[in-house]
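Let's take a walk through this structure together, one part after another. Please keep the sequence and the 3D view side by side as you read.

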Amino acid sequence: MKAQDGMYIDGAWRPAAGPDLIDVVNPVDERIIARVPAGGADDIDAAVRAARAALPSWAATPPAERAARLTALRDLLVARKDEIARTVTAELGSPLAFSEAVHAALPIAVAGTYAELAATYSFEEKVGNSVVHHEPIGVVGAITPWNFPLHQVVAKVAPALAAGCTVVLKPAEDTPLTAQLFAEAVHEAGVPAGVFNLVTGLGPVAGQALAEHPGVDLVSFTGSTAVGRSIAATAGAAVKKVALELGGKSANVILPSADLAKAVAVGVADVMSNSGQKCSALTRMLVHRDQYDEAVALATAAAAKYGERIGPVVNAKQRARVRGYIEQGLAEGARLVAGGPEAPRDTGYFVSPTVFADVTPDMTIAQEEIFGPVLSILRYEDEADALLIANGTVYGLAGAVWAGDEAEAVAFARRMDTGQVDINGGRFNPLAPFGGYKQSGVGRELGAHGLAEYLQTKSLQF
Ligand code: NAD
């Protein structure tokens with residue numbers, strides 16, 4: 001695969017300060033497809049300095065001009081959508097059709113929303129005898145994961161640029177090629193030098209240097225709760241803002257009045273898509289005891305259909321982690337009805353689509369984020385019990401409720417401690433705020449709420 005051999009800093013591709021490289025591996029066949037530089041503290045420092053130098057002029061650029069650059073960026077992503085899909089497939093392993101429909105199309109849609117919001121957002125408001133200005137926070141350090149390589153980047157960079165912030169991006173080490181492609185598009189879109197900078201590198205080296213850099217005003221991180229916690233602690237000590245989008249263990253609550261077959265089919269499809277590598281995956285299916293056996297049979301049949309269709313997980317470490325959870329589910333007494341810990345193929349980081357029945361709320365597989373194609377089906381006695389189970393984890397990122405009557409589903413959803421809930425299979429909305437309650441994170445991404453994360457207010461009294 002084509003790869004840049006430098007860092008994108010201050011409007012140009014520059015050699016990295018050190019000689020280290022990262023191997024980019026195709027998870028389907030475990031072959032090295034490219035090498036990119038592994039940046040260190042010196043590269044991060046150069047990128048942050050460039051972003052600081054570019055800040056005053058970009059912050060003062062009229063929103064309409066920022067919107068024009070974002071529109072150009074969106075159009076360039078559209079023009080390169082096939083290349084985006086191929087690149088994501090090569091470094092993440094997702095099937096090409098999914099890469100086209102989601103990994104390329106979703107960030108294009110999100111970039112479009114921010115092109116429009118930059119032009120229409122009210123950066124100034126009148127409150128009594130005050131005029132409140134919504135000003136950019138400053139230099140953003142963005143640290144992104146591999147599970148949606150371009151979407152996670154666009155969900156941070158587009159609102160930051162719309163707000164008038166400048167950015168240093170440190171993408172996941174598993175998926176740097178998509179990030180390089182994005183940097184090329186930013187350059188072609190005419191975004192001024194220094195406004196956006198890319199440093200590829202390892203999390204504990206380049207990522208940590210970025211999170212700790214005194215020239216960064218806001219750290220926006222998506223990834224594991226463990227790393228998020230340490231980034232928040234570092235930022236807290238420096239009285240620096242953070243936005244954290246962390247893990248999830250979301251509940252898919254099927255109330256007795258629901259269309260059971262549809263709810264189960266949609267629920268299984270959700271957990272298997274992207275090989276389960278979604279922070280919002282509905283990994284806990286909650287079914288009333290009277291419908292439990294039927295739901296398990298339906299889920300077992302549905303999971304069998306995914307056998308050959310899902311891609312691998314991203315790397316050997318994730319495969320080992322996911323298989324470890326499956327083994328733990330077995331050890332704690334859950335009943336395996338589909339899949340299992342055995343590798344379905346000799347090469348590639350594949351995990352069998354797996355379904356567990358008779359999962360109880362205290363089991364590890366019902367509490368911890370697995371990040372693989374593994375569904376747990378839990379039994380509830382009544383609505384109060386279902387709510388207790390749904391809310392009974394440290395997470396609160398997403399959820400779903402199914403009921404015969406929409407009002408019944410809404411009433412249940414309103415009692416869930418979670419940031420978003422799909423009602424009877426409601427579609428993803430790229431303008432709706434996305435983010436978590438409890439340990440699923442701090443702050444919101446997407447839409448106007450996502451833009452507000454990159455702004456701070458200044459009140460002038462008259
Ligand atoms: P991770 O949190 O280690 O990596 C996410 C990003 O943080 C990457 O860019 C990484 O380089 C960077 N990073 C790692 N250590 C860092 C540090 N000390 N300082 C600064 N940046 C650092 O996640 P992972 O190891 O790739 O995946 C582990 C688990 O995290 C998964 O199994 C899953 O449970 C969870 N995860 C969640 C999401 C999500 O969307 N919320 C995405 C990916 C992974």
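The chain of this predicted model splits into two domains: domain 1 takes in residues 7-246 + 439-461, and domain 2 covers 251-429.

Now turn to where the domains meet. On one side, 22 residues of domain 1 are in contact, and on the other, 25 residues of domain 2. The size of an interface is often given as the accessible area lost when the parts come together. Here domain 1 and domain 2 bury about 1,900 Å² between them, and carbon and sulfur atoms account for 60% of it.

On the side of domain 1 that touches domain 2, the elements that give two or more residues are α3 (81-92) and α4 (96-120). Of these, α4 gives the most, with 3 residues. Sorted by class, that side of domain 1 has 11 nonpolar, 7 polar and 4 charged residues.

Next, have a look at a sheet. This one is open, has 7 strands with mixed pairing, and runs in the order β14-β15-β16-β13-β12-β17-β18. Its edges are β14 (335-338) and β18 (422-423); each has a single partner strand, so one side of each is left without a neighbour in the sheet. Further in, you can follow β12 (residues 251-254) alongside β13 (residues 284-288), a pair that runs in the parallel sense over 4 bridges. For a landmark there, find V253, whose bridge partner in β13 is L286.

Finally, let's return to charged pairs, this time over the whole structure, where a search finds 20 salt bridges. One to look up is formed by E184 and K2, with their closest N and O atoms 3.6 Å apart. This pair links distant parts of the chain: E184 sits in helix α6 (residues 176-188) and K2 in the segment before β1 (7-9), 182 residues apart.

Terms used:
Residues numbered from 1 in each chain as written. Predicted model: local features only at pLDDT ≥ 70, side-chain atom pairs only at ≥ 80, totals over all residues. Heavy atoms only, no water. Domains from an automatic or database assignment. Contact = heavy atoms within 4.5 Å. Buried area = accessible area lost by both parts, 1.4 Å probe. Nonpolar A, V, L, I, M, F, W, Y, C, P; charged D, E, K, R; others polar. Pairing = 2+ DSSP bridges. Salt bridge = Lys/Arg side-chain N within 4 Å of Asp/Glu carboxyl O.
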